Amino acid sequence: MSRFLPLSDKEREEMLKEIGREDLFSPIPEELRLKDNLKIKAHSEKEVLDFFKKLADMNKNLTSFAGAGIYHHFIPSAVDYLSMREEFLTAYTPYQPEISQGTLQAIFEYQTMMSNILNMEVSNASMYDGATALAESILMAKRIVRKKNTVAISKGVHPHYLKVVKTYLKNLGINIIELELKDYATDIEGLKKLLSENDDIFAVAVGYPNFFGNVENLKDIVPIVKEYDKKAIVITSTTEPLAFGLIAPPGDFGVEIACGDAQSFGNYPGFGGPLLGFLTTTMKHVRQMPGRVVGKTKDVDGKTGYVLTLSAREQHIKRERATSNICSNQGWCMLRATIYLSLLGEEGFKKLASLNYSLSEYAKEKINKTKHFKVLNTKPTFNEFLVQTDVDFLKFRDMCEENGIFPGVRLAKFGLDKDKFILTCTEVITTEDIDKLIELMEKAQ
Amino acid sequence: MSRFLPLSDKEREEMLKEIGREDLFSPIPEELRLKDNLKIKAHSEKEVLDFFKKLADMNKNLTSFAGAGIYHHFIPSAVDYLSMREEFLTAYTPYQPEISQGTLQAIFEYQTMMSNILNMEVSNASMYDGATALAESILMAKRIVRKKNTVAISKGVHPHYLKVVKTYLKNLGINIIELELKDYATDIEGLKKLLSENDDIFAVAVGYPNFFGNVENLKDIVPIVKEYDKKAIVITSTTEPLAFGLIAPPGDFGVEIACGDAQSFGNYPGFGGPLLGFLTTTMKHVRQMPGRVVGKTKDVDGKTGYVLTLSAREQHIKRERATSNICSNQGWCMLRATIYLSLLGEEGFKKLASLNYSLSEYAKEKINKTKHFKVLNTKPTFNEFLVQTDVDFLKFRDMCEENGIFPGVRLAKFGLDKDKFILTCTEVITTEDIDKLIELMEKAQ
Amino acid sequence: DKEKLIFELSVEGKTGIDIDFPVKEKAFEGEYKREGEIGLPQVSEVEVVRHFTRLSKMNYGVDDGFYPLGSCTMKHNPKMNEKVATMEGFLYSHPMFSYNLVQGSLKAMKVLQDYLCEITGMDFCTLQPAAGAHGELTGMMMVRRYHEKKGNPRKYVLIPDSAHGTNPATSTFAGYQVIEIKSDETGCVDLEALKETVNEDVAALMLTNPNTLGVFEKNIKQIANILHEKDALLYMDGANMNALMGIVKPGEMGVDVMHLNLHKTFSTPHGGGGPGSGPVCFKSHLKDYQPVPVIEGDDDNGYTMNWNLPDSIGKVHGFYGNFLVTLKALAYIMAMGGEGLKQTTIDAVLNANYVREKLKGYYNLPFKSETLHEVVFNDKIQEEYGVSTLDIAKRLIDYGIHPPTIYFPLIVHGAIMIEPTESESKEEIDYFVEVMKKVAEEAKENPEILHEAPHYTPVRRLDETLAARKPVLKWEREND
Amino acid sequence: DKEKLIFELSVEGKTGIDIDFPVKEKAFEGEYKREGEIGLPQVSEVEVVRHFTRLSKMNYGVDDGFYPLGSCTMKHNPKMNEKVATMEGFLYSHPMFSYNLVQGSLKAMKVLQDYLCEITGMDFCTLQPAAGAHGELTGMMMVRRYHEKKGNPRKYVLIPDSAHGTNPATSTFAGYQVIEIKSDETGCVDLEALKETVNEDVAALMLTNPNTLGVFEKNIKQIANILHEKDALLYMDGANMNALMGIVKPGEMGVDVMHLNLHKTFSTPHGGGGPGSGPVCFKSHLKDYQPVPVIEGDDDNGYTMNWNLPDSIGKVHGFYGNFLVTLKALAYIMAMGGEGLKQTTIDAVLNANYVREKLKGYYNLPFKSETLHEVVFNDKIQEEYGVSTLDIAKRLIDYGIHPPTIYFPLIVHGAIMIEPTESESKEEIDYFVEVMKKVAEEAKENPEILHEAPHYTPVRRLDETLAARKPVLKWEREND
């Protein structure tokens, strides 16, 4: 413990004498004060590291086809190395711009990259994760449209996101209508029917690609919604934005809020956190946007610099009338994404997307040739898709785990069907891994 | 490959055009030029890391009682973190002092720490390792004494060091006489006899503590040598300078060159390298010292600063008359040692030494109670000692390895006795580890 | 000393990555195919490394020096924490793996929850909130659920006027209206005013303790009683827990629910704006309302997650919170131990009071009450020379010191809020004191030098109005 | 912007480590017990972190910008290298473990040796030398052993006047006397002079190729022939291998033995003065003399070490060289591949010639021969304004550029030796060119500004004479 405390006992005495207060804690009533020390043992650094090494080894990281919202991509060493520089890692939120230009410029670059990837006009500086980003997006849409009170959310958005949205909206008197799926994509006819029957809808949210891997039909959805009410807003929620190296981004279709999670960009699975919620929108709506945003400006000498801006939306200024209560969120994850995307660049981003897609298509083709497994997606997918099996999935999974493979995330984990699972192929998977999985599928019964 | 090459093809063309030389390699005769590419496949970063991960996993790092020149100590995370800062890691030798004060000041601090630990007046900035440091120390002694031509080296110095010394001295016409041991320490009577019979000796080198763990009798050795010839120099060679947290340092006895390896100070075993040779001496002899050294000075404004100094000894100035041919050596390892020793500090250094000693004494006591193993040291030892067994050592070692323990380094690895091994206890060993080893010793037959 | 944007370094045909393509490439076809340029830069690894290295050098971190940001607890971030959080066993742990594959992750969470309960004196803990404000929201949703279950969610949340902006914003997002409670002349909650305001429509009071003036709410037990009499709850904002650890337990002072900021009190780095972590600790009467999933189990039986909590507020995070961040806090707590945490608190309070003692007279102390881990001055003395808090803050940068928190709390005009934390040596603090005195002197003798500060940074005072009036929020070829 | 010495930060009673003591403490007693204070500082972890962070900021690394140190090949150090060299399986690998426990380490060494042979066209390779000069010594000891075995170690080594100081120093330490060979007007070895000098007393010629002027020794085959006729050997200093990789193989040009600098050509970081690594590659007629141990084996049979080489020069390192450094070089070679290494060479030569083309006229080119990966100018043009090479070098620092190598090679008066390497983008090089031109202009217009440079560093020009005259080589309470 004393390694982190730079005062010696002698200095403590000296300082206490200077202060001249006998009891430093005199402001605290005697009866509230603890009699005993907290029951926590102190440990040397070696003991701490040994403890965690044991825990880390208790985790088993198999060759994994798990995705479903969290993706294991390869992260170049430079991302770790650069993001670990203390100037980034141990700095505070850049409220003092003169000594925070590093973070501020990185955010500005991030905003540009995310806007371009999503083909949107503006991105904020990050949100906690994809789930809260969706909740905040819906609240943002509500602030924009104002008079209506119902949001329609496709059942194709990530089930956890839907749960979080419900938690967030429940207390605010906003109704949620869940849009049914057809072939695991939003049922367009159902949407049309709903809109014809309900005039209270301010936003429609869909996954893109959705939870089951399907590319939703934005080409139809956006015009349908806009025809219903030109102020109503279509929101997309994306768990795997690498898809946009290959797939047309939400901005191409007139989506006004495109949000999601960019953990894929240079951040580790990390048992689900920290993640990197993103939220992009149009300049028209920027003043209703939650979260921080960085803008370009000039200093007193006319030099270009960057500052946190439009803060009149935020809690530290607007208090109970703020666009969100968000404060500290995912700055460092944002930085990692910026470094990662800088390394990938235009060509790397496209090529990596293509690799993910090609591996996934390779797997799909092979799976469809097995006896007991079949791919359910009928629409295009990116790097994950839905598989159905007529064998006992848990037995199959156990067999896979014994062979060092985690075969994918079963829908039952989300309270959905027991015979289906989501299978994800990123570039860390090889065709040999896929072949091995197929072999196990052939063996399954 | 192209990730490390920041020119685009278009830029290459432009630049080539500016240069106006059709063939960049025109200075190289056509017939020398390769027709084919080198037969080496290019790999993505992921492939490289996967390859090395596999190799790393082929290594088996057991609970280990190995020492004998390379020590596994616990290294605080701050050492890794700070030493990895690019300003330290990717900088050149500090020949341009204005932009190298970081490295220079760290060296000055290192010199102070090493001088104090050894109780010597001056330390150089590092040598390749303990072995070459000993060879260079002997050559240094030769330059100081000049007229004589024979060095006496105790058989108690590390056998590898002795091998390297032989390699270095062989071509320079310097004779080596090996001093015999008695009870695994330099035989004082033998030394006296040699000195009475041979008047050509310019230096006597002993291990301290020596290879077998014994604290050599410097209290007698130095006066005996000085009585023989007051210009003759006693050199100590140390593989584990942490010993000097507990044991009187060479400087206490009038040793004029104290060298060794400080890998123990914040550097990993790393299959034997990079290491950290050190060489300390008296100010009287500083101009015969090999290697770099940093001194304090003033800049044009009168500010204190640090520079490489006394470089008139070095190869880039003195060429064939330099005190050594050494150039780049172990700067970064030196930095790590400086950070490590800063963290330990006065009390930590002493306490850690005491812990190593106490664990080692715990082990000695228990070993001496076993039937087939006994400790051979009769003199004080620090954290390693010599054990003899009457069972087949290799069988015993195999049994230990099956139980996840490496029991120590057998002397046969150095061409010495088959029934003896050196057992080392640093703070990474627990009493439970020792008890487990004792259990295996009890089982051995 | 300025660095171009990464886009301005871009040259067609360069890349910072080489991708192996060990499968037949399949073209993505059809109407959803992306066409044209995305707009990512094209640079090599060398250039990326230099670019972000240069950017880093325009920042100031805790490792660079004194960081007395009041209420932010910018303490030392042990490097051990980073080693723990980058162990591969944790990095690649997938949240949707079978429980048998993630026992290490689950156990780490359980152990941390237990420690946080021991530290706060609360009964239960959830690690799901990703930051302090997120913890507030989670806690207040639980409060609302508590009342709902009793038949009425109630309407109002009481918040002292000295509170952080997150408190009122949180209340709004939890569906409440805010009633502000004025501070009394000691800077504390006015008990009489409170009594008058509390009624059956009040859901809770959100109290920061010690408050943002660094003053301990010594009537906290009475405050709790007043609230509890009307079945209103006491929410404690744990932002200032660094003044209390090991000295008192909120759970023994009548607090029903509170959050902690692991990135403040528990040494996880702030990362230039997160990721933080905002665990919520609460009494057993709120346990049915906590977010799902809940970690259950022990070493003997293994650890699992319970998703079946019918009265739960639901989920507040896509998965289980900022797991890797929570590991760092656990490492820190284990390193310090109970005694160490107490000494931490003592040192934090010692340092703050030492600064207060040394600077009083040089800067005005708007509240005279005894304070704990931070002290709030203002610019009243300097005002007469035309020097403002902002000028003072910016001038500190010239001396290599990060400015304190300024203009907060709002109840203090021109506030200068200083929290040295326990991580500062006496020498570092003495340097700060000396600089602060020198700046006070400069304010008198040479106010111009303060108005123009900072002088040596890559950019100087920036035009924030321009930024907000004509927002340029991304780079475009045209606008450069 | 100056930082105190760590000793000056020391306060009794502080520590940067907490040591657990889980065994009964045993007192070390007797006449060899250490008494009194050692003299190490007493500081907390926070202070150590800040101290070395601050020190780091007074340094300039390759990640900071252009580093055109001629003959030092300061290229990009991929971060992947560090990840490889910090894998635990390698860090804790003990050199005295049984071979079955270190198969990964042994295989890595074997693979690297094979690649280095492929790159140099030599037959064998040892990784034992810890640095370039150490490699030279190892190589020259092998040369001596070769001659010894033939009955006479011989007396002389020939060294061109343009050589690095390590070459003559090495020769001395290998027991030879040095004969300097003058360069001809093209900067190359004068063949006639060589022919006259070589005889049966000459053991070898040490040749840097391309030489330190960046000029390729186009007569290298003839040079080898002249030597070989007298059974003298050709040693090649591989310091400038970055100009040759993938273009030619020294093994095909008559070279018998050479060393490589992994910390130059193969991207391992220089570490502020090491650790480097200086493998020696050699033809089969020298294989009996290489240092022990020699790695043997393959994947099928496993890897071991052969210590039994009776004619070996012996050992030159306590263990097997700078193993962790060699891993980094292997990672780099694997990343680049053969084609990549060739492109590296092409780009290095391209960049150097581009700089040469752009700066000629502004700075004097003392040798006109076509050059490869570096170019040597001097201060002849600037001399007339009283401006020296040193002034130019120091002025570059003001522009954020590391100075080139200066006053070397010795055969060029006031040499300015520029090696941009392949790691610089065109933009970075154009910036350098622009700055060099501006400095040339300043030398004319305002020489004072050069004499006084650098202006913005933590310290400015230092008194090296003072340092050497009254050496203060350690801190003592007294002398501060």
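A:Lys231 sits in the chain A loop between helix 9 (218-228) and strand 8 (233-238); helices (H or I, at least four residues) and strands (E, at least two) are DSSP runs, numbered from the N terminus. A:Lys231 counts as partly exposed, at 47% relative accessibility. The cut-offs: buried is under 20% relative accessible area, exposed is over 50%, partly exposed is in between, with a 1.4 Å probe and protein chains only.

Ground rules. This is a predicted model: local features need pLDDT of at least 70, side-chain atom pairs need 80 or more, and totals for chains, interfaces and linings use all residues. Residues are numbered from 1 along each chain as its sequence is written, chains are lettered from A and ligands numbered from 1 in the order written, and side-chain values use heavy atoms, without hydrogens and water.

Chain A overall. Its 445 residues are 71% buried. It has 13 helices and 17 strands. The C-alpha trace spans about 80 × 55 × 50 Å along its principal axes.

A:Tyr184 is not a glycine, yet its phi is positive, about 65°. It lies in the loop between strand 5 (181-182) and strand 6 (185-186) of chain A. A:Tyr184 is partly exposed, at 22% relative accessible area.

Over to chain B. B:Phe271 also has a positive phi, about 50°. Buried or exposed, B:Phe271? Buried, with a relative accessible area of 1%. B:Phe271 is in the loop between strand 9 and strand 10. B:Pro274 is in the loop between strand 9 (257-261) and strand 10 (277-281). A cis peptide bond joins B:Gly273 to B:Pro274, omega about 5°.
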